[in-house]
Amino acid sequence: MPNAYISGTGYYVPPRVVTNDDLVKDYGIDTSHEWIVKRTGIEARRYAEKGVGPSDLALPAAEKAIENAGLDKSDIDMIIFCTLSPTYAFPGDGVMLQEKLGRCEDGHRFIPALDIRNQCSGFLYGLSTATAMVKSGALKHVMVVGAEVHSAALDLTTRGRTVSSLFGDGAGVSIVSATEEDRGVRNWHLGADGRFADVLCQRVWDMRERPFIPQDENGVGQVKPEMMFAEMNGRLVFKHAIERMVAVLMTACWEAGITLEDVDLFCFHQANLRINQYVSDMLKIPAEKTVHNIQRFGNTTAATIPILLAEAEESGKLKPGMKVACIAFGSGFTWGAALIDW
Ligand code: ACO
């Protein structure tokens with residue numbers, strides 16, 4: 001049975017920087033740099049321009065990851081696209097990226113494209129799925145994408161400030177490849193608790209209703225703001241995020257037969273710097289063994305971990321031979337951890 005290792009990483013964030021002060025200045029939101037930094041650590045985020053979707057952000061990240069892996073795009077056997085902000089309700093962005101990568105042209109195989117809708121934990125669900133497929137021997141190179149365009153669906157008014165100040169746009173890609181070397185994704189542990197599905201959600205429509213989006217007398221669909229934008233009980237999310245991230249990380253280490261001291265680099269999902277500092281303090285993880293980018297990019301949900309991995313590899317902080325722990329928690333609630341020998 002082959003091992004499954006990450007052969008290449010890449011990321012892309014849109015060029016437009018939106019600082020906390022810009023939220024006040026450009027959008028008139030009643031907030032402040034001090035409030036947002038103190039509670040979340042976020043100083044700025046990136047917003048994509050109109051006309052740019054998650055698969056557009058994913059394309060340069062995917063091309064970089066393919067280049068870093070020393071592969072050609074024709075080597076990729078499958079795309080797993082993780083996002084909570086798909087361009088359309090259906091189909092997913094996986095097929096859009098497949099087309100943008102030129103994988104529908106004559107002479108190419110029509111590789112499968114799978115979309116994963118597990119929000120902040122999406123990348124770790126995707127990584128686990130890719131690992132299982134590669135280890136089974138079925139596929140050699142699986143591209144796992146985390147890409148989000150949040151800026152189109154944020155309530156950028158004072159009414160929506162609790163949620164809208166948190167999120168940003170971006171994309172990260174990891175390619176999971178087969179190897180006979182003694183390295184790669186050692187184990188992963190995933191979990192979910194559907195009792196909290198409504199605590200952090202973006203409804204937009206309700207398929208139990210008739211029709212699923214209310215219509216006015218002219219047949220025009222009407223979506224109320226509370227349905228259109230994400231809803232969140234921030235304090236409950238905060239509490240569960242800490243508990244679940246601690247538990248899933250400890251479980252993954254226990255299952256792998258290692259201790260936290262054996263881990264060289266911790267990549268936490270970037271929801272809130274304070275959540276990650278709490279978890280690190282509880283587990284006595286030294287700051288120099290962690291990487292963060294929420295200060296610059298905000299919460300890019302499914303993209304946070306693959307962007308972190310790509311940045312850490314690019315900067316030389318992440319090197320072959322290191323033991324890496326990736327940990328996530330998010331809407332669902334869903335959570336996960338993966339341990340990787342890089
Ligand atoms: N600027 C200024 N004031 C604000 C802002 C803002 N951006 N957002 C909220 N407030 C106000 C509220 O309106 C409220 O005012 P009021 O007392 O007059 O009603 C006050 O601040 C306190 O609001 P809370 O929601 O209780 O603020 P809290 O201290 O809980 O901080 C926060 C909110 C930062 C969202 C916090 O709950 C949190 O970090 N939760 C974790 C959730 C999270 O990180 N979610 C990310 C997505 S999920 C994921 O990726 C895991």
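Visitor: Which residues of helix H4 are buried?

Guide: Happy to start there; this is a predicted model, where local features need pLDDT of at least 70, side-chain atom pairs count only at pLDDT 80 or more, and totals for chains, interfaces and linings use all residues. Residues are numbered from 1 along each chain as its sequence is written, and side-chain values use heavy atoms, with hydrogens and water left out. Helix H4 spans residues 93–100, where helices (H or I, at least four residues) and strands (E, at least two) are DSSP runs numbered from the N terminus. With buried meaning under 20% relative accessible area, exposed over 50% and partly exposed in between (1.4 Å probe, protein chains only), the buried residues of H4 are Asp-93, Gly-94, Met-96, Leu-97 and Gln-98.

Visitor: What do the buried residues of H4 pack against?

Guide: Contact here means heavy atoms within 4.5 Å. By that rule, the partners of these buried residues are helix H3 (54–68), strand E4 (78–82), strand E5 (113–116) and strand E6 (141–148).

Visitor: At what angle do H3 and H4 cross?

Guide: Axes are lines fitted to C-alpha atoms, for helices over the stretch in contact, and angles run from 0 to 180 degrees between N-to-C directions. The axes of H3 and H4 come within 9 Å. Their crossing is right-handed, a term for the near helix being turned clockwise from the far one by less than a right angle, with anticlockwise giving left-handed. The angle is roughly 50°.

Visitor: Which residues of H4 meet H3?

Guide: On the H3 side, the contact involves Pro-54, Ser-55, Asp-56, Ala-58 and Leu-59. By class, this contact has 5 nonpolar, 1 polar and 3 charged residues; Ala, Val, Leu, Ile, Met, Phe, Trp, Tyr, Cys and Pro count as nonpolar, Asp, Glu, Lys and Arg as charged, and the others, Gly among them, as polar. From H4 come Asp-93, Met-96, Leu-97 and Lys-100.

Visitor: How many residues of E12 are buried?

Guide: In a regular strand the side chains alternate between the two faces of the sheet. On one side of E12, Lys-323, Ala-325, Ile-327 and Phe-329 are buried, and on the other, Val-324, Cys-326, Ala-328 and Gly-330 are buried as well. The count is 8 of 8.

Visitor: Is Ile-305 buried or exposed?

Guide: Ile-305 has its place in helix H11 (residues 304–315). Phe-123 is 182 residues away in sequence, yet 7.2 Å away in space, C-alpha to C-alpha. With a relative accessible area of 2%, Ile-305 is buried.

Visitor: Which helix packs against H8 at an angle of about 45°?

Guide: Helix H8 covers residues 234–256, and its axis lies 10 Å from that of its partner. The angle makes the pair oblique; under 35 degrees counts as roughly parallel, over 145 as roughly antiparallel, 65 to 115 as roughly perpendicular and the rest as oblique. The residues of the contact divide into 12 nonpolar, 1 polar and 1 charged. The partner is helix H9 (residues 273–283).
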